[in-house]
Amino acid sequence: MTMDEELDAVLLAKAREASERWSARTSVREARTAALDRHSFLEADTPARLAARLNNLIDDVRRSTQGRRLPVNPTLKSLVERPMPVTAEEINNDIVKEVVLATRDFLSVEFLERGVAACRSVGRVVIRSNGSFKARGTGVLVAPGLLLTNEHVLPSGEIAQRCALEMDYEQNRFGPAKKSQIFEFDTPTFFLCDGKLDYALVAVAPVGDLGNPIEIYGWLPLNGAQGKVSISDIDYVNIIQHPLGREKEVVVRNNRILDMRTADEQASQSLGPFLHYGADTEKGSSGSPVLNDGWEIVGLHHSGVPATDTQGRWLDKNDRPWRDDQPVEDIKWVANEALRTSSLVAALAIAPIEDAKRAFLKKALSAQAPTVVGLQTEAQETVVQQAGHLAPPVEPPGPSGSNDRPPRADQSITFEIPLRISVALGKETPIALRRSRSTAAPEVPLERLDAADFADRDGYDRKFLGVTVSLPTIKKQPKFGGALVVPRPAREGDRIELRYHHYSVIMCSSRRLAYVSACNLNFGAAATAGRKDGRSTWRTDPRLNAEHQLANRFYDHNDYDKGHLTRRDDAAWGNGLTAAIAANDDTFFYTNAAPQHYLFNQSDEFTGAKLDLWGDLENHISTQGAVQKARLTIFNGPIFGLNDKPLHDALVPLRFFKIVVWKDEGADPGAVGFVLDQKSLVTALPEEAIDPDPFVIRQRRIADIQAELDISFGKTCDWDRLRGALPNEAIDPGGILILSLDDIRL
């Protein structure tokens, strides 16, 4: 039997299995179709699943707009503006219809842009045959250098070694002709397949035969959360494929989910981990990603469902009974079957993999999603740095022939917290903020980072205030694992300290978050960098292993944003604009981030969400810079707890601390401590949803804050202005509720 005959035999076997499942689900599917004909979405899908779907769509609008442009549709607008997710109890047919249709219309242009990016990550799986390559199926990059396809396309490591990934095999009528390139499969590094679920994952060589890195094609991360798609005639799916080995094609519109398992079914096991959907596919489409309108992978296509006559015989494309001597290409398909992404993610979690390959898979699947495809991406700064032979691309000079260029546009907007407390003390002459600006700010190159590149970072300056303010130390018996020892320190002696420009971080070994981010803030600096002067995208720190950092997957498809611990504004200063931009960029490492609700740093005036003081306090205090002391030392960090909120395999802190230290000339240092409490985010909530009650900010004794932490602040506790204030007044151990600036005790 030839290789083609073997593949056809497997395709027929998969089609028979899909046909059996399709037949077994006839009554369920027909009932759902009839419900949709009546526009009764709640009969076709469950309220809980529909609520999850609407929250997914609403969050997508929030991430796309970041408050800059709200939808016109009043229902969608109100749901985007409110902080609470949609609940199953709120679901009705009208809300489902309005949100799905309004979201689709609102993101119409972005839909195309994101679709183009998604298409870049899909390629053709080819096999060597008589000295050339022959089409075998389709595959999609789901992580840097990791391809997903069907098991029947790559049934073994031996066959995978004979195969390769062909990228850019597509038409380009509106530009230069594209030349496809071949990337070899690296099965010794990673290969995993499962015949029952019909998936295969294989590592891809970092560089293709034309010398380009695989990371320029981006990837589509696997998200196992619910809510990516619903059973609805207005919620579409899209397929990117190489049918019959042809150049890449995209199937959009009028494709919908026809059937999948839901929690309220009695006969749910008959469909199991698969879903049925309608779209045009052919042989060669095996391994194609099935995507929603947000271009998230909802399923892995693996088979068509053959059309049958009244006697159950398969039909060919001429509606005649298909014969065994006819090619597979002649079969008429009535629907398609795909492996659900949630089922795939669950299967990968328990797959029997040796430790080294489990580590590779975990690292690959936790990589942050690329923000730019086709240009240099974050992946090339983090993942590609491991491939030492790859040189960074050279950017063209500016119009004058120099290297001065206008600043690049922000690729995303990041909301920064915790609380920035800028305390105005004394009555000395105000120190004005000086801001050096230029019309063409120099851009820091997006170099490939290595641990040695951080040797020039001085980090947190203990004598910044003219008196020694020590970096917090780890207690002798830490409750949360102690400090993480840095595997690749940039400086000799930096055992646990990660130094950046103007701040340092000590990481918690068990929580993958910082114990503390300690910063020096200089209001009198010669120059400061604004939001558009430097980067706004995040990256991992090469001094640590990837598994020691909570990267992008922990912030994707939920209500969390990457919250700065040391704020960008606090560190982005220097002797000149170039130095200020370098310091700005240093704040965008995941070591300086924590998952925090996306509304934390927005004011009530902006959100209308009645979030008490948080955003408005930030806005108000930021205007006090003109009367601010020239220098502050600031300690920021999470307060870890035993009941913190699960998120994937991590825990999200429910509280954060901020301690501000200053030194007046001729006086003892002063310090104040604050805690942001978000205990209302109870662990019973699903990890994709956050229901923010009013956030609470309290000023607390620094010693009381220290008592809950694994770190000690040393003499800073003695400088606490709350420590000796009003000795006859009993202060609640929980601290003083801060509702206005007048509530702060100095």
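The protein chain carries 16 helices and 30 strands. Both are DSSP runs numbered from the N terminus: helices are H or I with at least four residues, strands are E with at least two. The model is predicted, so local features need pLDDT of at least 70 and side-chain atom pairs pLDDT 80 or more, while totals for chains, interfaces and linings use all residues. Numbering starts from 1 along each chain as its sequence is written, and side-chain values use heavy atoms, without hydrogens or water.

Of the 746 residues, 57% count as buried, meaning under 20% relative accessible area with a 1.4 Å probe, protein chains only. The chain exposes about 31,000 Å² (Shrake-Rupley method, 1.4 Å probe). Carbon and sulfur atoms supply 51% of that area. Take the contacts (heavy atoms within 4.5 Å) with a separation of 6 or more: residues 24 or more positions apart account for 74% of them.

Now the sheet. It is open, with 7 strands in the order β5-β4-β1-β2-β3-β7-β6 and antiparallel pairing. From one strand to the next, the twist averages 35°, taken between N-to-C axes fitted to C-alpha atoms, on a scale from 0 to 180 degrees. Two strands pair if DSSP finds at least two bridges between them. Strand β3 (residues 146-149) and strand β7 (residues 199-203) run antiparallel and are joined by 4 bridges. There, threonine 149 stands opposite alanine 200 in β7.

How many disulfides does the whole structure hold? The search finds 0, a disulfide being a pair of cysteine sulfur atoms within 2.5 Å. Cysteine 119 counts as buried because its relative accessibility is 16%. Cysteine 508 counts as buried at 1%.

Note on methods
Buried < 20%, exposed > 50% of the residue type's maximum accessible area, 1.4 Å probe, protein only.
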